Each structure stands twice: as structure tokens, then as C-alpha cells.
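Student: Please walk me through reading a model like this one. I would like the general idea each time, then the case at hand.

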Amino acid sequence: AGVQLFKNSGTLVPFLTHYLETIQYVLRWGHAGHGANEDYENPVAKLLEEFKAPNQAAIALIVGTSNLLYDDCKVCRHTLNLESSPELATTLGSFSLKVQALPMRYLNQAESLKNGEIPDDLHMLHLKGLWWRILVMEATAHPTETRCYHWNFEAYVYWVAMFRIWQPDYDASLTVLSDVSKCNDTSVGGPRQHPLV
């Protein structure tokens, strides 16, 4: 679930055990149907849909979704005290942790960036998903609803610079496909060659 930094203490193992159990709970109930009640909305399925992965949805369950609101991330502003519930403590062990979240835009930026520019306060880029794999392995940038080359240009430039440490002769030319209906990509349609110097 992104980048997690822990202080090695006696409560770490019980917390990680609880975290694993919560992931299994999300896997078990996140895909469960509504059964006879068609109006039933599975809250775990909604979390899974929102966070895209069971480990991320599990963190949201543990921390509390009300502490992770997009416009009001309480755990980003304040330290949160987490404790194991009495029911879980008997089987998984007890834990008491202080949690402080850092917005991903500083420590683990996995999204497209405004105008493709990396801000000064960003410390780690996460080149996540199929779009990046196609870009770096096939040298082709396909536009999607959430990814286009223009929004990821500087990240690609940095990736090329780092890759050239190992492969100095790497040819960073790529084909950029554009589609004005996706990513608000206003560039002219059709494939273009983009050499990087």
C-alpha cells in the first residue's frame, strides 16, 4: 500500500499480522455479491473499487476512511493513535501505534502531473501500471483517460537519465499517440516521434 515507514518495535509484528488479516478480509468480502438484497451496497467492495488494491483498501479500513478524505485528510495533518480492538487482540496480539500520513504527492507520486512538471517538494516518483510498462518497454505512449505523455514528460526524462546510467547508449526516441478525447490532450492527432537528447 504505497510507501510505509515503521519504527521497529514490539507492536510492529501484531500490527502487521492485523494488517494481513484485514487484507484477507477485504479479499473475502470485497468481491462478495449482494445476495437476495439487490439494494445492498457492499462497503468493502466500494473501498476496493476506490483504492484499486486489497492492501490499500485494508489500510483505509484500519486508519478509518473518515480520516482519509480527499479534501480533509486528518491523518495527513495530525498524528493518529491506532489500537487493536479487544476482539482481535486475543487472537492476533495487541498493538498501539502512532500513524502520520504524508500526502502521496510528496513521497510516492503515482499519478500524472500538471503539465508534466515535477514539483520541487516531490521526493519519489512511482511509475505505476501498464501505461508506464508500455512506455518504457515498447517506446510508445498511448493516451488513456488518466495518462498521456504530456502529463508525464518530466517523469519520463528522469527515467531515461537514470536508465542511461546502466545503458549509456539507450535510444530514448518514442512514438507518442494522441487523442483529443482523452486526457484533454490538445495536441494534434496521429503518431509523432519524440527524441530525447
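Student: How many helices and strands does the chain have?

Tutor: Helices (H or I, at least four residues) and strands (E, at least two) are DSSP runs, numbered from the N terminus. This chain has eight helices and five strands. Along the sequence the pattern reads α-α-α-α-β-α-β-α-α-β-α-β-β. This is a predicted model: local features need pLDDT of at least 70, side-chain atom pairs count only at pLDDT 80 or more, and totals for chains, interfaces and linings use all residues. Residues are numbered from 1 along each chain as its sequence is written, and side-chain values use heavy atoms, with hydrogens and water left out.

Student: What share of the residues is buried?

Tutor: Buried means under 20% relative accessible area, exposed over 50%, partly exposed in between (1.4 Å probe, protein chains only). Of the 197 residues in the chain, 32% are buried. The chain exposes about 13100 Å², and carbon and sulfur atoms supply 56% of that area. The areas come from the Shrake-Rupley method with a 1.4 Å probe; for residues, only the protein chains shown count as cover.

Student: How do I read contacts by sequence separation?

Tutor: A contact means heavy atoms within 4.5 Å. Take the contacts between residues at least 6 apart in sequence: 46% of them join residues at least 24 apart.

Student: Which way do S1 and S2 run, parallel or antiparallel?

Tutor: Two strands pair if DSSP finds at least two bridges between them. Here four bridges join S1 to strand S2 (residues 96-99), and the two run antiparallel. Glu83 has Ser96 in S2 as its bridge partner. Leu82 stands opposite Leu97 in S2.

Student: How should I read aromatic pairs?

Tutor: A pair of aromatic rings is described by the distance of the centres and the angle of the planes. Rings of Phe, Tyr and Trp (its six-membered ring) pair if their centres lie within 6.5 Å; planes under 30 degrees apart count as stacked, over 60 as edge-to-face and the rest as tilted. A search of the whole structure finds eight such pairs. One of them, Tyr156 with Trp159, is stacked, at 5.9 Å centre to centre and 15 degrees between the planes. Both residues lie in helix H8 (residues 153-166), three residues apart, about one turn of the helix. Tyr156 and Trp159 are both buried.

Student: Why is the pair of Trp159 and Tyr170 edge-to-face?

Tutor: The ring centres of Trp159 and Tyr170 are 5.7 Å apart and the planes stand at 80 degrees, so the pair is edge-to-face. The pair links distant parts of the chain: Trp159 is in helix H8, and Tyr170 is in the loop between H8 and strand S4 (174-176), 11 residues apart. Trp159 and Tyr170 are both buried. Tyr149, Phe153, Tyr156, Trp159, Phe163 and Tyr170 form one aromatic cluster.

Student: What about backbone angles?

Tutor: Most residues other than glycine have a negative phi, and most peptide bonds are trans. Ala139 has a positive phi of about 55 degrees, although it is not a glycine. Ala139 lies in the loop between helix H7 (130-138) and strand S3 (140-141). Ala139 counts as partly exposed because its relative accessibility is 22%.
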